[in-house]
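Student: Hi! Could you walk me through this protein?
Tutor: Happy to, let's look at it together.
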Amino acid sequence: QAQLVESGGGLVQAGGSLRLSCAGSGRTFSSYAMGWFRQAPGKEREIVAAISRSGGDTYYADSVKGRFTISRDNAKNTVYLQMISLKPEDTAVYYCAARATVSYTNTYTTSYDYNYWGQGTQVTVSP
């Protein structure tokens, strides 16, 4: 069973950068496809980015393409979300999620696809 802990959130000015980390527990981290989601006040949770268990396939929401990069280091049981050129509309609680899968290439883009979730980390972008 995966346990996930996010870190790296904070307050940043528009145009700034942050890197979120999600540390997973257990010896089977490489068996999980991973995703980053976010939820702003009054809005539904939405996919930001996803990565396959091998790291070779990625998915990005249109709103973050070219600004966010998802990556993973299976040796460190960690998935990252590098965010640049941040905008006020990126303000949200960011969650990482994990899904056990036998596929090395699939990415998963809805919250229903994921079994395990972190507690979330707040990202606030000021104008």
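**A first look**

Tutor: The protein has 0 helices and 11 strands, where helices (H or I, at least four residues) and strands (E, at least two) are DSSP runs, numbered from the N terminus. This is a predicted model, where local features need pLDDT of at least 70, side-chain atom pairs count only at pLDDT 80 or more, and totals for chains, interfaces and linings use all residues. Residues are numbered from 1 along each chain as its sequence is written, and side-chain values use heavy atoms, leaving out hydrogens and water.

Student: Okay, and what does the C-alpha trace span along its principal axes?
Tutor: The span is about 40 × 25 × 25 Å.

Student: How much of the protein is buried?
Tutor: Buried residues are 44% of the 127; buried means under 20% relative accessible area, exposed over 50%, and partly exposed in between (1.4 Å probe, protein chains only).

Student: Which residues does S21 touch?
Tutor: Leaving aside residues up to four places away in sequence, S21 touches V5, E6, S7, W36, T78, V79 and Y80. Contact here means heavy atoms within 4.5 Å.

Student: Back to the whole protein, what share of contacts links residues 24 or more positions apart?
Tutor: Those pairs make up 61% of the contacts with a separation of 6 or more.
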